[in-house]
Amino acid sequence: HTSLPESFDDALKLLDKAIENKDQYVIERYNRADSMKQLLSENNTAESLYLYEKIGDEYRRCNIDSALLYYQKGIIRSGIIGDSVTHQKLILLRNSILPVKGIVKEAVDGYDSIGKNLYPQNRTHFFEAGNNLFYFASSFYPSELSSRYYGQRIQLATDSLVANLPPTSLDVKLYKAQLYNEKGNQALMVAEIRDLLTETEIEDHLFAKGASHLADYFATQSGKEVT
């Protein structure tokens, strides 16, 4: 587990170390993706869908274009095989990151369309995709009206996500923190994030997400003493 820095200088040292190792983290992701691609070339069964998804998952944190490409390959393959549940799940994964490329309306419309015909097996995936999708979308529309609209959608998706995840999972800590933030309870948000960061490794994507939320909060506290 990760020990949180006790001072600003310690935090800077931790950040410097993470930046030094950034390239290595990316290389490791590319290597894992490449290994799975080798299996993919030898695999013509339904198991290929699992590989397309996992390759997309590796790329989504370092190369959005490649992530979209492999999710799309999985979408096409699942359509050919006739696996409609996985087909829907892969569309959700793809749509959840489309706003990063500036494709917002199509992503939201596609998400809402799936919501009307959602397979029960994809309930958690649906709410997780909504959480990601609306956070990304909100950054493209900073106006008060849009911010309120996407804030409400984030809250609805995240409420449902927390209700559908095991209460002891670390993901729940992150999503609870997001909910506290949306509802204006920053003290509880910070407490949840601090717990999350102490229970995850710095290489974990949950650590990155939690640290990002904490950094956003501290950025709003300029000139204030934060403990």
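Which residue with a positive phi follows helix 8? Helix 8 is followed by Gly184, whose phi is positive, near 85°.

## Basis of the model

This is a predicted model, in which local features need pLDDT of at least 70 and side-chain atom pairs count only at pLDDT 80 or more, while totals for chains, interfaces and linings use all residues. Residues are numbered from 1 along each chain as its sequence is written, and side-chain values use heavy atoms, with hydrogens and water left out.

## Overall architecture

The protein chain comprises 10 helices and 0 strands. Helices (H or I, at least four residues) and strands (E, at least two) are DSSP runs, numbered from the N terminus. Along the sequence the pattern is α-α-α-α-α-α-α-α-α-α.

Of the 227 residues, 37% count as buried; buried means under 20% relative accessible area, exposed over 50%, and partly exposed in between (1.4 Å probe, protein chains only). Among contacts (heavy atoms within 4.5 Å) between residues at least 6 apart in sequence, 56% join residues at least 24 apart.

## Helices 2 and 4

The axes of helix 2 (residues 47-59) and helix 4 (residues 84-97) come within 11 Å and cross at roughly 10°. That makes helix 2 roughly parallel to helix 4. Axes are lines fitted to C-alpha atoms, for helices over the stretch in contact, and angles run from 0 to 180 degrees between N-to-C directions. Angles under 35 degrees count as roughly parallel, over 145 as roughly antiparallel, 65 to 115 as roughly perpendicular and the rest as oblique.

In this pair, Leu49, Glu53 and Asp57 of helix 2 meet Thr86, Lys89, Leu90 and Leu93 of helix 4. The contact residues divide into 3 nonpolar, 1 polar and 3 charged. Here Ala, Val, Leu, Ile, Met, Phe, Trp, Tyr, Cys and Pro count as nonpolar, Asp, Glu, Lys and Arg as charged, and the others, Gly among them, as polar.

## His87 in helix 4

His87 lies in helix 4. His87 counts as partly exposed because its relative accessibility is 25%. Not counting residues up to four places away in sequence, His87 touches Ile75, Ser78 and Gly79. His87 and Gly74 are 13 residues apart in sequence and 7.4 Å apart in space, C-alpha to C-alpha.

## Helices 6 and 7

The axes of helix 6 (residues 123-138) and helix 7 (residues 144-164) come within 8 Å and cross at roughly 155°. That makes helix 6 roughly antiparallel to helix 7. By class, their contact has 8 nonpolar, 7 polar and 3 charged residues. Among them, Phe127, Phe134 and Tyr135 belong to helix 6, and Tyr150, Ile154 and Leu161 to helix 7.

Helix 7 has 21 residues and reaches 30 Å from its first C-alpha to its last, close to the 30 Å expected at 1.5 Å a residue. The expected span of a helix is 1.5 Å times one less than its number of residues. Its buried residues include Tyr150, Ile154, Ala157 and Leu161. An α-helix has 3.6 residues a turn, so residues three or four places apart point the same way. The buried residues of helix 7 pack against helix 5 (105-115), helix 6 and helix 8 (170-182).

## Helix 8

The buried residues of helix 8 are Val172, Lys173, Leu174, Tyr175, Ala177, Gln178 and Leu179. They pack against helix 6, helix 7, helix 9 (186-199) and helix 10 (205-219).
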